[in-house]
Amino acid sequence: MDAGTPRIGFGRTDITPPVGVELAGFGPYLRRRSTRVHGRLHAGAIAVEHGGGRWVLVSCDLLGLGRWIVDDVVARVGAATGWQPHEVAVHATHNHSGPATVENVGWGEPDPLYLAQLPALIAEAAVAAVAARAPATVAHAEVPLPGFAHNRMRERRGLTNAHALAGTWQEPEPELVDRGVHVLRVDHGGHLAGFLASYSCHPVICCEQTDAVHGDFPGEALRLVEQTRPGAVGVFAQGALGDVNPLYAHGPAEESYAALALFAGRFAGAISTGLDSAAAVPVEGVAAHRATLHPALGPFDVDELRRRRDRALATVAATPADTTSREKAMAGVVANSLGATLARLERGEDAGPPVLVQALRLGPVSLLGFGLEVFHGIKRRLQQQLGDRCLVLSTTGGWSGYAPTPDAYRPPADPYPAYEVPLIACRLPFHDRIADDLVAAGVAAHAHVTSPRP
């Protein structure tokens, strides 16, 4: 074997939950439980080794992963392979139509039995990828994907689901979304072994009014591509997502499934185009780095949190004549979530848990992951400094809440993403300088995997 040839392998395990579990997201007034499986969920992994550097990334068709799950997976992979914690990255695609897996009171509660079995299944995919390493070539493409997503922090400006389905609406400020899909193709002996695809957007096409398990458009797209390329394993690396949505979001179930098929087909087409057009890239270096960030929280008043909890409890107790069932349900979520947050504060626990920052390098391409829902403006700032081939990933190394850009804290932006989502998810909002903190941490982590070693 040529000493200059990287060794790369892929692995995959099925992580589909049993029918009957609660689905993640949008549950406070729906309490959605799965009744069928439209598409199976997977943990897909890519393992890379070259020149003394190595890493494995495992991506799961899930909303997010608690830090304890990540730590469990990392420990299992280390025990099976001898690889170190900084060499193992655990990522979630932020799929809302899979099982609930993170603390998010009232928005889908994790099933204890499913969670107990999950770390071993995720680790199995990573271990399989490590075992499957073989001499490989790598190629890269960026495939345009116009008219696919919009920045939801901006006004809708005429966007409707009908326009999205008809393909007649375009983002007025295209710089606010990804230009296209990044595709990394890996071949063993001239034959496709697997691929990694990355795109930044919040996958919520088929969610609010459906009750079937599936991987949303990324998972469905991987399945379509794999069907046409037998033996290849696809891995989706969810990019920055906090403020970017696909054009279509939520609708009647029948319409949503039509949209799911349409968008998954378009995404699969872009991946396939990338696989066919990818240009070889040299793999002159492989490296991994892991760091811990302690972001500052926004100002908060414990007494005001208590008053807000109590107001929510009063709404829950109100008579039907005074409030609607939906208002009661939402108030119940606020009361429960703030109750959990206040209990944590009263026990003296850390209200702002540390966030993992992970950097992976494969030749000229790098992946920079954060254990947060990173907003797209943060990604744009990082790529301006580090280049377009730095793929900025959300929900990697756990899930610790929202990381908005400063405009999410100020009118005319809806303050919901900045403040309401963290409170609903039993977290306190970050300080509005979170964007600066993440950019600085990302640049520092990236330097560790790209700087020449002595």
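**Cavities, a pocket and helix packing**

Student: How many cavities of 30 Å³ or more does a search of the whole structure find?

Tutor: The search finds three of them, where a cavity is a set of points on a 1 Å grid over the protein atoms alone at which a 1.4 Å probe fits but cannot get out, and a volume is the space filled by probe spheres set on the points, which are joined across faces, edges and corners. This is a predicted model, in which local features need pLDDT of at least 70 and side-chain atom pairs count only at pLDDT 80 or more, while totals for chains, interfaces and linings use all residues. Residues are numbered from 1 along each chain as its sequence is written, and side-chain values use heavy atoms, with hydrogens and water left out.

Student: OK, pockets now. What volume does the second largest pocket have?

Tutor: Its volume is about 380 Å³, a pocket being an open set of points with protein on both sides within 12 Å along at least five of seven lines. The second largest pocket has 22 lining residues, and P174, E175, V177, D178 and R179 lie nearest its centre. That lining divides into seven nonpolar, seven polar and eight charged residues.

Student: Which element gives the most to that lining?

Tutor: Helix α8 does, with five residues, and β9 (180-188) is also among the elements that supply at least two; helices (H or I, at least four residues) and strands (E, at least two) are DSSP runs numbered from the N terminus.

Student: And how does α8 sit against α10?

Tutor: The axes of α8 (residues 376-386) and α10 (residues 434-450) come within 10 Å and cross at roughly 35°, with axes fitted to C-alpha atoms over the stretch in contact and angles running from 0 to 180 degrees between N-to-C directions. The crossing of α8 with α10 is right-handed, meaning that the near helix is turned clockwise from the far one by less than a right angle. Contact (heavy atoms within 4.5 Å) joins I378, R381, L382, Q385 and L386 of α8 to A435, D436, L438, V439, G442, V443 and H446 of α10. Those residues comprise seven nonpolar, three polar and two charged.

Student: What about α1 and α2, at what angle do they pack?

Tutor: Helix α1 (residues 67-81) packs on α2 (residues 112-131) at about 40°, with the axes 9 Å apart, and α1 and α2 are therefore oblique to each other, since angles under 35 degrees count as roughly parallel, over 145 as roughly antiparallel, 65 to 115 as roughly perpendicular and the rest as oblique. The α1 contact residues include W68, I69 and V73, and those of α2 include L115, L118 and I122. By class, this contact of α1 with α2 has 14 nonpolar, one polar and two charged residues.

Student: Why would α4 and α5 be called oblique?

Tutor: The axes of α4 (residues 216-228) and α5 (residues 253-277) come within 8 Å and cross at roughly 55°, and the two helices are therefore oblique to each other.

Conventions: Nonpolar A, V, L, I, M, F, W, Y, C, P; charged D, E, K, R; others polar. 1 Å grid on protein atoms, 1.4 Å probe; cavity = no way out; pocket = protein on both sides within 12 Å on 5 of 7 lines; lining within 4 Å.
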